[in-house]
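Hi there,

Here is the structure I promised to hand over. Please have a look at it first, and then read on for what turned up.

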Amino acid sequence: MPIELFNDGNHKCIKFDDLTKEGEIPANQFMVVHDKRGLLLDPGGNKLFSQLSAEISVFAPPQRLDYLVLSHQDPDVGAGLNGWLLMTDAKIVISALWTRFIPNFCTSSFAENRIIAVPDEGLDLELSGAGFKLVPAHFLHSPGNFHLYDVTSKILFTGDLGASISPPEENITNVDQFEEHIQNMSGFHSRYIPHSEACRRWAAAARKLDIEMIVPQHGARMSGTECVNAFIDWVDGLTCALG
Ligand SMILES: [Fe+2]
Ligand SMILES: [Fe+2]
């Protein structure tokens, strides 16, 4: 079932969290709809395409998608691009570091003149008048990595940063007890994130944003000032793979 993270009537943020199959990495996919135009964030691989394209149609048909935003280059983020490019006129938004890898995910001609290369310093994006910021999150974990900040909902979509795996019986979708949740995040961050310097830079930038909710690509979201700040503090103090 799609989960509404935000809805003010004209602006909706939707999370899809039950489409990945057994044996695949469990992942969330996201759609933002503003004024009947859509943006898809980290839509995932080929196996999700049919079901996700059907599910998003409830909110806006694929023909109304303007952007396919990829936080980084991983297959669980964008390996299903071919179908989306075929079905929509949407532009791909991805780090300039990864644009030349896009043809590995799709028929090359489908992507021609449809790639927005995000420079290292980030980019502002507009969807039918609604503002978004691509916030630099390099080396968290990919060297060319961006988080999507939705100015309207004040949600920061953090890709793999904040990724968690909770015990199946707990099925946590929204973090209540941050301290208890740390154990669900630690394994990924201590191995996949290369260095704490990347964490400290991100934390300094995140503290300047007005954030209501942190929503990662895997696992539970963190809502409210207290939990958001606890998460930023935790990232700020992380020790990672190389230090
Ligand atoms: Fe990743
Ligand atoms: Fe991921």
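Let me begin in helix 6, where Glu-197 and Arg-200 are three residues apart and therefore separated by about one helical turn. (Helices are DSSP runs of H or I with at least four residues, strands are runs of E with at least two, and both are numbered from the N terminus.) These two residues form a salt bridge, with the closest N and O atoms 3.1 Å apart; the term stands for a side-chain nitrogen of Lys or Arg within 4 Å of a carboxyl oxygen of Asp or Glu. Glu-197 is partly exposed at a relative accessible area of 31%, and Arg-200 is partly exposed as well, at 39%. (Buried is under 20% relative accessible area, exposed is over 50%, and partly exposed lies in between, with a 1.4 Å probe and protein chains only.)

A word on the ground rules. This is a predicted model, so local features need pLDDT of at least 70 and side-chain atom pairs count only at pLDDT 80 or more, while totals for chains, interfaces and linings use all residues. Residues are numbered from 1 along each chain as its sequence is written, chains are lettered from A and ligands numbered from 1 in the order in which they are written, and side-chain values use heavy atoms, with hydrogens and water left out.

Back to the charged pairs: the count of salt bridges comes to seven. Another of them joins Arg-207 and Asp-236, at 2.8 Å from N to O. This one links distant parts of the chain, since Arg-207 sits in the loop between helix 6 and strand 12 (213-215) and Asp-236 in helix 7, 29 residues apart. Arg-207 is partly exposed at 42% relative accessibility, as is Asp-236 at 26%. Salt bridges with shared partners also join Glu-197, Arg-200 and Arg-201 into one network. Elsewhere, Asp-66 pairs with Arg-37 in a salt bridge whose closest N and O atoms are 2.6 Å apart; Asp-66 belongs to strand 5 (residues 65-69) and Arg-37 to strand 4 (residues 37-41).

Now for the inside. The largest nonpolar core has 28 residues, and Trp-202 and Phe-231 touch the most other members. (Such a core is a set of buried Ala, Val, Leu, Ile, Met, Phe, Trp, Tyr and Cys residues joined through side-chain atoms within 4.5 Å.) Helix 5 (178-192), helix 6 (196-206) and helix 7 (225-236) each give two or more residues to this core, and helix 7 has the largest share, with six. A second, separate core holds 25 residues, among them Leu-40, Ile-56, Leu-68 and Leu-70.

Finally, the pockets. A pocket is an open set of points on a 1 Å grid over the protein atoms alone, where a 1.4 Å probe fits, with protein on both sides within 12 Å along at least five of seven lines; lining residues have an atom within 4 Å of a point. The largest pocket is lined by 27 residues, and Pro-26, Ser-164, Ile-165, His-218 and Gly-219 are the closest to its centre. Helix 5 gives the largest share of that lining, three residues. In the second largest pocket, helix 6 gives the most to the lining, with four residues.
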